[in-house]
Structure formats: structure tokens, C-alpha cells
Amino acid sequence: MNTPAHLLIGWAAFGRGNDRKIAAAAVFGALLPDLSLYLLAGTSIFLMGISPREVFNELYFSPAWQAVFSVDNSFFVWSAGLAAGLWLRKRWLVALCGAALLHVALDFPLHHDDGRAHFWPLSNWIFESPVSYWDVHHHAGIVGPTEAGLAALCALMICLPNWRRLSTIGALGLMVMEIYVVLPGFWLTLGGT
């Protein structure tokens, strides 16, 4: 899934209500499984001058990058964090790890040839789904609008009880970003240029 959708879904699932700290923990937790990619790719492209093509066609699949992705996309890492949060009765930790675990669970079936080792440290196996959230050759034309619809529903869940709050601006901003990243793939599926 696209990161803005993850943020909205994690926020709606674990961060709604009047506690801003819990909402922030949920949004940050929903970001954490993608954060290493942003840091590695951003450093490579903007600081080291490596072409995006090389970053996403070569470095992304390198053993070093995949090792990092294995840790922050592990069902076991986030499940352990969630269990610790529940056991310690720390709502912020439950929100953070719950949103991260939800992110990983939603990503698992939506990566065709660019998945992660979700069962690390027990296994480095990577599931190759027949479905992709971004690749139009693997049903992104269906997945993208479905993802955007789910993100829109989550944005409404966040905004409606808080329509006068700053959270409304944040949720709507994330929804605009989601539409921005989903629309080109949907257009290509329809035969646009």
C-alpha cells in the first residue's frame, strides 16, 4: 500500500479519540515500516546522487537493504512490541506497534516482486503475491481505487468527530497525497497516457 493510506488506516484503527499522543503514536507506528526505505532512498538519491533507477532496481533488492527491511517489516518484531504494550498497559505502545503491525499485514498480500521478509528472524522467505498495489500488470488498477476508498473511509472516521480540529487538516492532507499517488496507476489501467 501507499504510505498515506497506511497512515490513515493506522490512525483510524489505533489513534482516534481525544488523546493526541495516542494519535501521534499510531501515525508514527504506521510510518515506521516504510521509514527505512525513505531514509535509504532519500540519502542515496539526494545526498549521494545515485539515480532513482539504480536505487529502486538495484539497491532496493540488495542484501544490505533487504536486511534492514526484514527487521522493520517483521510480523514478529511488531507483534512482540504490541504484546509488550498490552502487558505493560501502555496505550501509546499499543497504538504504535498495532499500527505498524497493521501496516505489515496490509502490505503482505500487496507486493508482487518487491515484498519483504515478513517472517524475520525465523525465515528470510518473501511472499510473491499475484497482486500489487502499484504494478498495473498485477491488478493495481483494482487495488489502487480500493485502497483509496478504504483510506477515504478512514479519513472520514478521523474527521467527522473532530471536524474543527487540526486532525481534520492532517487527515485530508493525507487523503490528497493518497489520491495523488493512486490516480496515475488507475489512469494507466483505463488506457490513459
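Colleague: Leaving aside its neighbours within four places in sequence, which residues is glycine 85 in contact with?

Modeller: Once the neighbours within four places in sequence are set aside, glycine 85 is in contact with Lys90, Leu93 and Val94, where contact means heavy atoms within 4.5 Å. This is a predicted model, in which local features need pLDDT of at least 70 and side-chain atom pairs count only at pLDDT 80 or more, while totals for chains, interfaces and linings use all residues. Residues are numbered from 1 along each chain as its sequence is written, and side-chain values use heavy atoms, with hydrogens and water left out.

Colleague: Why does glycine 85 count as buried?

Modeller: The relative accessibility of glycine 85 is 0%, and buried means under 20% relative accessible area, exposed over 50% and partly exposed in between, with a 1.4 Å probe and protein chains only; glycine 85 therefore counts as buried. Glycine 85 lies in helix α5, residues 75–88, a helix being a DSSP run of H or I with at least four residues (a strand is a run of E with at least two), numbered from the N terminus.

Colleague: What makes arginine 89 count as exposed?

Modeller: Arginine 89 has 74% relative accessibility and therefore counts as exposed. Arginine 89 sits in the loop between α5 and α6, and its phi is near 60°, a positive value in a residue other than glycine.

Colleague: Why is histidine 139 called partly exposed?

Modeller: The relative accessible area of histidine 139 is 43%, so histidine 139 is partly exposed. Histidine 139 belongs to the loop between α6 and α7 and, although not a glycine, has a positive phi of about 75°.

Colleague: Why are α1 and α7 called oblique to each other?

Modeller: The axes of α1 (residues 3–14) and α7 (residues 140–159) cross at roughly 40° and come within 8 Å, the axes being lines fitted to C-alpha atoms, for helices over the stretch in contact, with angles from 0 to 180 degrees between N-to-C directions. Angles under 35 degrees count as roughly parallel, over 145 as roughly antiparallel, 65 to 115 as roughly perpendicular and the rest as oblique, and α1 and α7 are therefore oblique. The crossing is left-handed, a name used if the near helix is turned anticlockwise from the far one by less than a right angle, whereas clockwise gives right-handed.

Colleague: Which residues of α1 and α7 meet?

Modeller: From α1, Ala5, Leu8, Ile9, Trp11 and Ala12 meet Glu147, Leu150, Ala151, Cys154, Ala155, Met157 and Ile158 of α7. By class, this contact of α1 with α7 has 11 nonpolar, no polar and 1 charged residues, where Ala, Val, Leu, Ile, Met, Phe, Trp, Tyr, Cys and Pro count as nonpolar, Asp, Glu, Lys and Arg as charged, and the others, Gly among them, as polar.

Colleague: What makes α1 oblique to α6?

Modeller: The axes of α1 and α6 come within 9 Å and cross at roughly 135°, which makes α1 oblique to α6. The crossing of α1 past α6 is right-handed. The residues in this contact include His6, Ile9 and Phe14 of α1 and Val94, Leu102 and His103 of α6, and the contact of α1 with α6 has 8 nonpolar, 4 polar and 1 charged residues.

Colleague: How do you know that histidine 103 is buried?

Modeller: Histidine 103 has 1% relative accessibility and therefore counts as buried. Neighbours within four places in sequence aside, histidine 103 is in contact with His6, Ala30, Pro33 and Asp34.

Colleague: Which residues touch the most other members of the largest nonpolar core?

Modeller: A nonpolar core is a set of buried Ala, Val, Leu, Ile, Met, Phe, Trp, Tyr and Cys residues joined through side-chain atoms within 4.5 Å. The largest has 38 residues, of which Leu8, Trp78 and Ala171 touch the most other members. Two or more residues each come from α1, α2 (20–47), α5, α6 (91–107), α7 and α8 (166–189), and α6 gives the largest share, 9 residues. Apart from this core lies another, of 8 residues, including Ile50, Tyr60, Trp65 and Phe69.
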